[in-house]
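Got a model open and wondering where all those labels come from? Let's go through them one by one.

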Amino acid sequence: MTDAERQLLDLLDIERLETDLFRGTGSGGETPTRIYGGQVIAQALAAAYRTVEDRLCHSLHAYFIRPGDPSIPVIYQVDRARDGGSFTTRRVVAIQHGRQILNLSASFHAGDDGWDHQHPMPGIDGPAAHPTRQTLQERFIDRIPEKHRAEFTRPRPIEIREVEPRDMFEPIPTDDRHYLWFRMGAAAGADPATQHLLLAYASDMGLLGSGLRPHGLSWYTRQVNGASLDHAMWFHAPIRFENWHLYAMDSPWTGAGRSFNRGKIYAEDGTLVASVAQEGLMRRLRPRD
């Protein structure tokens with residue numbers, strides 16, 4: 001297990017303060033200036049899971065209200081909205097500086113018999129055909145300001161292989177549909193709830209950038225101010241995130257300073273394990289006076 005993988009697992013091991021009150025670490029995620037959205041979602045889901053027995057999450061819906069401050073912990077307050085015969089519902093409020101930064105609702109299901117179908121996985125070459133994150137970092141490192149290079153090259157817990165990566169600094173307009181493979185080796189042996197937490201954490205990777213692609217933009221062109229506004233996720237099948245998964249993303253619409261983005265997550269054998277939808281801020285970055 002790498003240090004980065006151990007740190008992520010520690011981030012998801014939130015502390016119980018009271019029966020329905022928990023505390024999570026704010027620092028250590030994907031971004032240094034504000035808490036990475038997938039981190040807050042995963043910790044909020046972890047808090048909900050601590051109040052549920054013998055049921056797995058099948059869906060979550062979250063609203064990002066304020067940017068998270070990575071310099072202090074996050075408090076998670078769980079409301080036990082419903083314990084039913086088949087479904088359990090939890091509401092979680094994430095709090096920093098006495099104010100809400102995220103609201104999350106999660107539903108847990110005992111499981112039932114039913115009919116099965118799914119859309120097939122796109123015909124994308126396997127992960128071995130695509131460059132590693134380190135290869136891409138080496139390609140662009142000379143164009144990163146020196147003061148940001150250590151953060152840019154810092155080891156991350158999730159291994160990523162991006163399909164047809166763009167030039168981060170001079171992207172050309174391209175199709176909104178894009179793909180990446182991802183996994184985390186240290187997920188091996190984790191229980192089903194932890195597998196959900198890890199996939200929820202990873203589900204915020206790459207998705208927000210879908211709406212930038214048709215416009216020839218990236219987060220490095222300094223033309224757009226972006227942030228996740230909300231995030232929804234549905235879990236369909238058992239997850240073993242130590243194995244490769246394909247994240248197929250698109251952005252059907254952008255407008256009014258927002259973008260709507262979707263994702264489907266497939267196991268390497270083609271099983272659709274989760275679906276994701278998100279709206280994000282996509283505002284023109286105005287130069288400062």
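Predicted model: local features only at pLDDT ≥ 70, side-chain atom pairs only at ≥ 80, totals over all residues.

Q: What makes the protein chain as compact as a globular protein of its length?
A: Start with the inventory: the protein chain has five helices and 12 strands. Its radius of gyration is 19 Å, and the globule rule gives 19 Å for 289 residues, so the chain counts as being as compact as a globular protein of that length. Along the principal axes, the C-alpha trace spans about 55 × 45 × 40 Å.

Q: How many of the residues are buried, and what share of the contacts is between residues 24 or more positions apart?
A: Buried residues make up 47% of the 289 in the protein chain. If you take the contacts with a separation of 6 or more, 71% of them join residues 24 or more positions apart.

Q: Which domains does UniProt list, and what are those spans made of?
A: An unreviewed UniProt entry lists "Acyl-CoA thioesterase-like N-terminal HotDog" for residues 34–109. That span is 17% helix and 53% strand, with its end C-alpha atoms 33 Å apart. The entry, again unreviewed, also has "Acyl-CoA thioesterase 2 C-terminal" covering residues 159–281. Here you get 9% helix and 43% strand, and the end C-alpha atoms lie 26 Å apart.

Q: Why are H1 and H5 called roughly perpendicular?
A: Two packed helices are described by the angle between their axes and the distance between the axes. For H1 (residues 3–12) and H5 (residues 192–202), the axes come within 11 Å and cross at roughly 110°. Angles of 65 to 115 degrees count as roughly perpendicular, so H1 and H5 get that label.

Q: Which residues make that contact, and how do they divide into nonpolar, polar and charged?
A: H1 brings Leu-8, Leu-9 and Leu-12, while H5 brings Thr-194, Leu-197, Leu-198 and Tyr-201. They divide into six nonpolar, one polar and no charged.

Q: How do you know whether Gly-38 is buried or exposed?
A: Buried means under 20% relative accessible area. Gly-38 sits at 0%, so it counts as buried. This glycine lies in helix H2. Leaving aside neighbours within four places in sequence, Gly-38 is in contact with Ala-200, Tyr-201 and Asp-204. Tyr-201 also turned up among the H5 residues in the contact with H1. As for Ser-27, it is 11 residues from Gly-38 along the chain, with 13 Å between the C-alpha atoms.

Q: What about Val-40: buried or exposed, and what does it touch?
A: Val-40 is also found in helix H2 (residues 37–49). Its relative accessibility is 4%, so it counts as buried. Neighbours within four places aside, Val-40 is in contact with Ile-35, Tyr-76, Ala-94, Ile-101 and Leu-102. Gly-68 is 28 residues away in sequence and 8.2 Å away in space, C-alpha to C-alpha.

Q: Ile-144 lies in a loop, so is it buried or exposed, and why?
A: The loop in question runs between helix H3 (133–140) and helix H4 (146–152). Ile-144 has 4% relative accessibility, and therefore counts as buried. Its contacts, not counting residues up to four places away, are Arg-149, Phe-152, Phe-169 and Tyr-220. Tyr-220 is 76 residues from Ile-144 in sequence, yet their C-alpha atoms are 9.3 Å apart.

Conventions. Residues numbered from 1 in each chain as written. Heavy atoms only, no water. UniProt positions renumbered as here; feature names shortened; annotations may be inferred. Helix = DSSP H or I, 4+ residues; strand = E, 2+ residues; numbered from the N terminus. Axes fitted to C-alpha atoms, helices over the stretch in contact; angles between N-to-C directions. Parallel < 35°, antiparallel > 145°, perpendicular 65-115°, else oblique. Contact = heavy atoms within 4.5 Å. Nonpolar A, V, L, I, M, F, W, Y, C, P; charged D, E, K, R; others polar. Rg over C-alpha atoms; globule rule 2.2 N^0.38 Å. Buried < 20%, exposed > 50% of the residue type's maximum accessible area, 1.4 Å probe, protein only.
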